[in-house]
Amino acid sequence: MLKVYIFLLIMGIMGGVGYGGYMYYIDTQERLGVLRENNAKLVVANDAKDATIKQMLETQNKAAELNQALTVRLQKSEEYSDGLRSKFAKINILRMALDEPYILEGKINNAVTRLLDGLRDDTDPNADGVSGSEE
Amino acid sequence: MLTGCLGRKSEPIVVTQPQIIQQNVPIQARPKQLQLTDVRWYVVSETNLDEFLANFKEEEGLLAFMAISAQGYENLAMTIADMRRYILQQKDIILYYEQALDNAPDDEGLPQE
């Protein structure tokens with residue numbers, strides 16, 4: 001009878017160890033699955049982060065280039081006013097009106113025509129030109 | 001072994017939600033072109049005043065005109081030049097923003113969930 005009890009006890013212990021091992025295996029596999037999935041998600045998230053950072057840097061560089069180009073164009077927009085100011089500084093319009101009214105009249109009308117043409121070009125919605133592209 | 005197995009906490013499940021937020025600002029059409037009408041200027045001084053009056057009356061029928069001094073003409077010219085400068089710079093700034101918007105990040109290379 002004692003042998004039977006010892007046998008049952010050993011079987012019980014072996015069964016317990018076997019069940020424990022089986023459960024440990026199942027649990028480990030589940031964990032491995034979760035960790036594998038987590039890893040894949042983190043790789044994707046990391047790639048997205050890297051791509052975003054890259055694009056942000058590209059955007060920043062592009063903004064710097066655009067800003068530089070804008071500064072040049074804004075400067076160029078001053079050219080017409082500066083040119084006109086220097087013309088008025090060089091000539092005495094009153095003296096010209098007294099001495100050569102018709103010559104001055106022709107110059108003024110030509111300049112006004114050019115100015116109006118320039119304004120038409122500047123405000124042409126189909127023109128891609130930037131400031132000072134003409135004239 | 002059993003207690004160790006049962007006592008283990010389950011692995012946390014990582015939840016990632018990569019979101020790509022794109023700028024969605026449509027580029028607006030430019031305003032209509034300026035409709036400008038040509039203007040003729042007369043330069044009149046004491047040298048050609050009589051001639052101008054005679055010719056003007058013959059051309060226009062009536063002797064009525066707006067006069068402006070030489071200094072007034074210079075001021076008007078500079079004022080219009082400054083307005084043109086403003087239009088051009090405004091256009092440049094709009095172009096700057098349009099180009100910046102055109103550079104909006106797209107989803108190329110970004111993994112989607």
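## How buried is chain B?

Of the 113 residues in chain B, 4% are buried; a residue is buried if 20 or more other C-beta atoms, placed from the backbone, lie within 10 Å of its own. This is a predicted model, where local features need pLDDT of at least 70, side-chain atom pairs count only at pLDDT 80 or more, and totals for chains, interfaces and linings use all residues. Residues are numbered from 1 along each chain as its sequence is written, while chains are lettered from A and ligands numbered from 1 in the order in which they are written.

Chain B has 3 helices and 0 strands, running α-α-α from the N terminus. Here helices (H or I, at least four residues) and strands (E, at least two) are DSSP runs, numbered from the N terminus.

## Two long spans to check

Take α3(B) and its 33 residues: at 1.5 Å a residue they should span 48 Å, and the end C-alpha atoms are 48 Å apart, which agrees. The expected span is 1.5 Å times one less than the number of residues. The buried residues of α3(B) are B:Ala77, B:Arg84, B:Leu88 and B:Asp92, and their cover includes α1, α2 and α4 of chain A.

Now for α1(A). Its 75 residues should span 111 Å at 1.5 Å a residue, which agrees with the 109 Å between its end C-alpha atoms.

## Where the chains touch

The contact takes 54 residues from chain A and 53 residues from chain B; two residues are in contact if their C-beta atoms, placed from the backbone, lie within 7 Å. On the chain A side, α1(A) gives the largest share, 25 residues. That side divides into 29 nonpolar, 13 polar and 12 charged residues. (Ala, Val, Leu, Ile, Met, Phe, Trp, Tyr, Cys and Pro count as nonpolar, Asp, Glu, Lys and Arg as charged, and the others, Gly among them, as polar.)

## A helix pair across the chains

Zoom in on helix α4 (residues 101-122) of chain A and helix α3 (residues 70-102) of chain B: their axes come within 11 Å and cross at roughly 20°. Axes are lines fitted to C-alpha atoms, for helices over the stretch in contact, with angles from 0 to 180 degrees between N-to-C directions. The pair is therefore roughly parallel, the word for angles under 35 degrees.

Who meets whom? From α4(A), A:Leu115, A:Leu119 and A:Asp122 meet B:Ile80, B:Arg84, B:Ile87, B:Leu88 and B:Lys91 in α3(B). These residues divide into 5 nonpolar, no polar and 3 charged.

Definitions and conventions. Parallel < 35°, antiparallel > 145°, perpendicular 65-115°, else oblique. Buried ≥ 20, exposed ≤ 12 C-beta atoms within 10 Å, placed from the backbone.
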